[in-house]
Amino acid sequence: MKTPGAVLLLLWSALVVVAAEQSCLTEVRGMQRELITLVEQQREELRLAKAQVEKQIDALKNEVRPSNVAFSTSFSVKTDKHIGPLKTDTTLLFDLVFTNVGNAYDTTTGLFTAPLKGVYQFNYHIFAGGDQGAGHGAGAKLFKNKDEVVTAYNHVAPHDINTSQSVILQLQEGDTVCLLLEAGWWVAAYTGHLTTFSGHLLFAVGY
Ligand SMILES: *[C@@H]1O[C@H](CO)[C@@H](O)[C@H](O)[C@H]1NC(C)=O
């Protein structure tokens with residue numbers, strides 16, 4: 001009787017130990033799950049915080065965007081010549097840059113692209129002289145994107161003409177402005193730079 005009792009006791013003890021280990025293991029697993037959940041939560045919080053910081057950096061970048069935008073151009077020529085009259089409407093390429101702060105005027109496309117939302121002023125002066133354009137008017141139209149905004153024009157002149165225009169436009173970032181030479185019109189590209197196109201940001205909007 002003594003021996004089976006001892007065996008039973010031993011078995012019982014072993015069971016208790018196993019059960020204790022089991023419950024300990026369950027507890028550990030539970031803690032492990034909690035830890036994993038916690039890490040995942042913190043990872044998510046970190047991701048959100050990072051996104052928040054990135055957003056703030058972007059906002060800051062917007063605030064310090066180029067607030068100085070100004071360009072002033074004409075035609076770069078070695079000898080006096082004329083542009084036009086042409087058969088099709090053509091964007092005038094002002095390839096002589098006096099000023100291009102903010103690099104918003106592209107001499108290869110003739111387009112000014114607003115680097116930020118704001119109110120801009122544009123001025124242009126058109127000169128046409130000599131006999132090449134005899135019988136043709138001289139001038140140019142200012143376009144905002146695909147829309148005609150203002151025109152400077154002078155009809156057929158006996159010898160030379162001057163015409164100019166100025167406009168203030170509210171532009172969105174990415175809006176383009178250019179001067180278009182209408183088919184049949186002409187302008188002079190003289191070494192004295194009598195034809196000019198310029199513009200500048202008056203003030204930014206919404207920053
Ligand atoms: C146009 O301007 C040019 C340059 O200043 C001048 O030589 C010319 O006489 C002007 N033409 C007229 C018609 O005013």
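## Ligand surroundings

In the classes used here, Ala, Val, Leu, Ile, Met, Phe, Trp, Tyr, Cys and Pro count as nonpolar, Asp, Glu, Lys and Arg as charged, and the others, Gly among them, as polar. In this predicted model, the shell around the ligand divides on that basis into two nonpolar residues, one polar and one charged. The residues in question are Phe127, Asp160, Asn162 and Leu194.

## Domain layout

The domain assignment of the protein chain gives domain 1 as residues 1-64 and domain 2 as residues 70-204. The C-alpha centres of domain 1 and domain 2 lie 71 Å apart.

## The five-stranded sheet

Five strands form an open sheet in the order S4-S1-S13-S7-S10, with antiparallel pairing. Strand S4 (96-101) and strand S10 (161-171) stand at the edges and have a single partner strand each, so one side of each is left without a neighbour in the sheet. Direction ignored, neighbouring strands of this sheet are turned by 10° against each other on average.

Within the sheet, strand S1 (residues 70-74) and strand S13 (residues 196-204) run antiparallel and are joined by five bridges. Alanine 70 has histidine 200 in S13 as its bridge partner.

Definitions and conventions: Residues are numbered from 1 along each chain as its sequence is written. This is a predicted model: local features need pLDDT of at least 70, side-chain atom pairs count only at pLDDT 80 or more; totals for chains, interfaces and linings use all residues. Side-chain values use heavy atoms; hydrogens and water are left out. A residue is near a molecule or strand if one of its heavy atoms lies within 4 Å of it. Domain bounds come from an automatic or database domain assignment. Two strands pair if DSSP finds at least two bridges between them. Helices (H or I, at least four residues) and strands (E, at least two) are DSSP runs, numbered from the N terminus. Axes are lines fitted to C-alpha atoms, for helices over the stretch in contact, and angles run from 0 to 180 degrees between N-to-C directions.
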